[in-house]
Amino acid sequence: MAVQQFLRECGPSPAVRDAVVAAHGLPASLMMTGGRIDADTMDYLLDLDEPAVDVALFRRYDLPRPERERILAGRLRGGGIRPVSRELLAELNKVIVHQDRDWLTAGAASGDLRVVRRVLERLRLYIPATRLRLLVAVWERGGPDAVREVLAMDRLPVTLRRQTEKLLDAPDGLEQLRTRLAGEADPDRIAAFLAKPGGRPEKRLAQLLGEGVEPPWAALVAAHRATPLPEDLVEALVELPGCPGELLRAGLGAPGRWRNWNSWIEPALKDGTLALDDLLTHTAPAELAYDFLLRCLEERHSGESWTTDEDWRRLRERTAALAREHLGADAEGWAVCLQLLPTFAGTLSELLATAGAMTRMPA
């Protein structure tokens, strides 16, 4: 117990840690898998390529998906491959599907027939590319006979099973399957799947992410330029790391999640994906944009701001240009602007244009 507490809580140096493990062997390594683990210790434990340690980490920690996929494929960090242990297979049987579904889908492309069986027995795969990736991996690792066993489970769509059965005896069957996978994994095809009319696009996105497929950002931006993406999809995309600025700006005007300042608007402003003047020209309703800008200004006055002098110079120039264009020195226009602010549904820039147009209307 003293060794266990030392390893878990005292943060020994790598040299001391290695000496303890050398003296106590596998039990010492397993002791380190309890409690909180820093990134260096996690890397150290994963580098061991020790089956019992991998099982403990798989069970107790929210490992990055690539690590889960590697462990469930039996691929070693040090190179090579090994059969997936019986203990790890038992862990897959314990996974609570509605809670940790992605722990199972991480095994879809394992190629290990026993892992794939458990994945297909316990859940349905929604994304065509995931199903094909599963079949390709099984074929690459176990040959066409292993694929026949998967198809015999009757857990894949009928059309896919029939198409795959025709390829099993073909000399280039595996290559044809890979070609189909490349077509289904094409970014434009995935973007079209997410943006198709009807249904719940945010649910399709959740299915995609749950099966380990990253959003095809460039294809989604291109699709949005051609035809604006569904608002529900945009509202879900803006919450994801790596969402491009063009989609974030679209999200500023979408109803619903635009109020979520802390989860995506402020972080995007901090990392430069959004700019202060984006709040001026894209956030709706106008009063919300005003509140956001006021919040930024208060943080700046408090000395805790992440905004720069250049950010504010650019915002002042943009605001002044809009004011000169639409209102100038027209006191009536400014009064109308203030009267409209609490209920105006558009952006602040649209508010200035509307107030100016109203006061220039002939009597």
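Let's start with a helix pair. Leu89, Leu92, Asn93 and Lys94 of helix 7 touch Arg114, Val115, Arg118 and Arg122 of helix 9. Contact here means heavy atoms within 4.5 Å. By class, that contact has three nonpolar, one polar and four charged residues. For the classes, Ala, Val, Leu, Ile, Met, Phe, Trp, Tyr, Cys and Pro count as nonpolar, Asp, Glu, Lys and Arg as charged, and the others, Gly among them, as polar.

Now the ground rules. This is a predicted model, where local features need pLDDT of at least 70 and side-chain atom pairs pLDDT 80 or more, while totals for chains, interfaces and linings use all residues. Residues are numbered from 1 along each chain as its sequence is written, and side-chain values use heavy atoms, with hydrogens and water left out.

Back to the pair. Helix 7 spans residues 86–94 and helix 9 spans residues 113–122. Helices are DSSP runs of H or I, at least four residues, numbered from the N terminus. The angle is about 5 degrees, and the axes are 10 Å apart. Axes are lines fitted to C-alpha atoms over the stretch in contact, and angles run from 0 to 180 degrees between N-to-C directions. So helix 7 and helix 9 are roughly parallel. The cut-offs: under 35 degrees is roughly parallel, over 145 roughly antiparallel, 65 to 115 roughly perpendicular, and the rest oblique.

Next pair. How do helix 4 and helix 5 pack? At about 135 degrees, with axes 9 Å apart. They are therefore oblique to each other. Met42, Leu45 and Leu46 of helix 4 meet Val53, Asp54 and Leu57 of helix 5. That contact has five nonpolar residues, no polar and one charged.

On to charges. How many salt bridges does a search of the whole structure find? The count is 29. A salt bridge is a side-chain nitrogen of Lys or Arg within 4 Å of a carboxyl oxygen of Asp or Glu.

Take Arg59 and Glu91. Their closest N and O atoms are 3.0 Å apart. Arg59 sits in helix 5 and Glu91 in helix 7, so this bridge ties together parts 32 residues apart in sequence. Arg59 is partly exposed, at 38% relative accessible area. Glu91 is buried, at 7%. Buried means under 20% relative accessible area, exposed over 50%, and partly exposed in between, with a 1.4 Å probe and protein chains only.

Glu140 and Arg178 also form a salt bridge, with closest N and O atoms 3.0 Å apart. Glu140 is in helix 10 (residues 128–152) and Arg178 in helix 12 (residues 173–184), so the pair links parts 38 residues apart in sequence. Glu140 is partly exposed at 48%. Arg178 is partly exposed at 33%.

Lys270 and Glu266 pair at 3.9 Å, N to O. Both lie in helix 18 (residues 261–270), four residues apart, about one turn of the helix. Glu266 counts as buried, at 12% relative accessibility. Elsewhere, bridges that share partners join Asp277, Glu310, Asp311, Arg313, Arg314, Glu317 and Arg318 into one network.

Last item: helix 11, residues 158–167. Which of its residues are buried? Leu160, Arg161, Thr164 and Leu167. They cover an arc of only 120 degrees around the axis, so they lie on the same side of helix 11. The arc is taken from the directions from the helix axis to the C-beta atoms. The buried residues pack against helix 10 and helix 12. The face turned away from the buried side carries exposed Thr159, Arg162 and Lys166.

Methods. Helices (H or I, at least four residues) and strands (E, at least two) are DSSP runs, numbered from the N terminus.
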